[in-house]
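Student: Could we go through a protein structure together? I would like to learn how to read one.

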Amino acid sequence: MRRFTVPTVRAGHAIGVDLGGTKILAGVVSRDGSVVRRHERPTPQDSQEHVLAELEAAVAELLDESVGAVGFGAPSPIDQTRGLVVRCVNVPLENAPLRDRMHERFGLPVGLDNDANAAAIGEWRAGAGRGADDLVMLTLGTGVGGGVIADAKPFRGANGAGAELGHVVIVHDGRPCHGACTGRGHLEAYVSGSAATAAAREVFGPAADAHRLVRLADEGDAKAKDLLTEIGRYLGSGIGSFANIFAPQLVVLGGGFGVAAYEHLHGPAEEVARREALEPMRGTVRLANAALGTAAGLIGAAFVGFEALDAA
Ligand SMILES: [Zn+2]
């Protein structure tokens, strides 16, 4: 097995890897959050071993002497004690010992986190949340991911499984949630890109989806604007509760749908969030569009790598 030397000084770079349902996005990132080099390859769908091999290949492609650590963001709850990816919905990984395997392969400190936690860390260190000690991030994509920075530290909950903010109840006994989630009325069932696609199809027919909905609203279509306003108001119900719990300085909206629909969602979301929030949160709750786009996850994953390096 090929081994690499662990640098004894604070290394200048970490490799961040964002594992998505269709793509593995990787990059060499410096401590100020700038991405020095990138690499992208498809996510295999056939087996766990193939996914792990492709993750290794993505790291190997970028590795050089400047790299002191590796961090991964995976779309799954994480078991931080054992360094496991517990179970992904869209990728064939279950109880995958990612941390030990990558540490053995590369001989570097390895950090592991949920993909939305990683995106929150990325936006906090290098994006829209720079300078904020307390922020909440919601990623609106196929599902709804959540990440929290509390008192200038990533909040991970017991054993690293938090903060699944997409799976809080906003409507008692409401719509069934998605995938493996058995819950009802969860935020994800109302404000994800998938929920937007379902709503768009009801109004505009089976060919419509979330992208088309946003495009129609951008063009001024009244029905499309109404649908996005409704989604924004549901989002505000969740954000009002998160404001009451975490008192964040900032709520960052990310994910493909969240970023694309931001101009339509943020007004109604803020209005409802202010209604639900107590003072002083009512006066301070503020939404921001994610600044790092699709790179938030890999940049945040690199900071999770730096965290492992600094703890080593
Ligand atoms: Zn759910």
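This is a predicted model: local features need pLDDT of at least 70, side-chain atom pairs count only at pLDDT 80 or more; totals for chains, interfaces and linings use all residues.

Student: How many helices and strands does the protein have?

Tutor: There are 11 helices and 13 strands. Both are DSSP runs numbered from the N terminus, with at least four residues (H or I) for a helix and at least two (E) for a strand.

Student: What percentage of the residues is buried?

Tutor: Buried residues make up 52% of the 312. Buried means under 20% relative accessible area, exposed means over 50%, and partly exposed lies in between, using a 1.4 Å probe and protein chains only.

Student: And what share of the contacts joins residues 24 or more positions apart?

Tutor: Such pairs account for 62% of the contacts with a separation of 6 or more. A contact means heavy atoms within 4.5 Å.

Student: Let us turn to helix 6. Which of its residues are buried?

Tutor: In helix 6, residues 210-218, the buried residues are Ala-210, Leu-213, Val-214, Leu-216 and Ala-217. They lie on the same side of helix 6, because they cover an arc of only 160 degrees around the axis. That arc is the one formed by the directions from the helix axis to the C-beta atoms.

Student: Why do residues three or four places apart point the same way in an α-helix?

Tutor: An α-helix has 3.6 residues a turn, so residues with that spacing point the same way.

Student: What is exposed on the other side of helix 6?

Tutor: His-211 and Asp-218 are exposed there. The buried residues of helix 6, in contrast, pack against helix 5 (193-204), helix 7, helix 8 (256-260) and helix 9.

Student: What is found at the start of helix 6, and what follows the helix?

Tutor: At the start, a side-chain oxygen of Asp-209 comes within 3.2 Å of the backbone nitrogen of His-211. After helix 6 comes Gly-220, which has a positive phi near 100 degrees.

Student: New topic: in what order do the three strands of the open sheet lie?

Tutor: The order is 5-6-7, with antiparallel pairing. Strand 5 (78-79) and strand 7 (94-96) are the edge strands, since each pairs on one side only. Two strands pair if DSSP finds at least two bridges between them. Strand 6, residues 84-87, is joined to strand 7 by two bridges, and Val-85 stands opposite Ala-96 in strand 7.

Student: How many salt bridges does the structure hold?

Tutor: It holds 13. A salt bridge is a side-chain nitrogen of Lys or Arg within 4 Å of a carboxyl oxygen of Asp or Glu.

Student: Which residue forms a salt bridge with Glu-56?

Tutor: Arg-101 does, with the closest N and O atoms 3.0 Å apart. The pair links distant parts of the chain, as Glu-56 is in helix 1 (residues 48-62) and Arg-101 is in helix 2 (residues 98-106), 45 residues apart. Glu-56 counts as buried because its relative accessibility is 14%, while Arg-101, at 22%, counts as partly exposed.

Student: Which salt bridge does Arg-156 form?

Tutor: The side chain of Arg-156 meets that of Glu-307 at 2.9 Å, N to O. These two are 151 residues apart: Arg-156 is in the loop between strand 11 (153-154) and helix 4 (188-191), and Glu-307 is in helix 11 (residues 296-311).

Student: How far apart along helix 9 are Arg-274 and Glu-270?

Tutor: They are separated by about one helical turn, because they are four residues apart in helix 9 (residues 262-276). Arg-274 and Glu-270 form a salt bridge in which the closest N and O atoms are 3.6 Å apart.

Terms used. Residues are numbered from 1 along each chain as its sequence is written. Side-chain values use heavy atoms; hydrogens and water are left out. A polar contact is a pair of N or O atoms within 3.5 Å; within protein, one must be able to donate a hydrogen and the other to accept it, and residues adjacent in sequence count only if both atoms are side-chain atoms.
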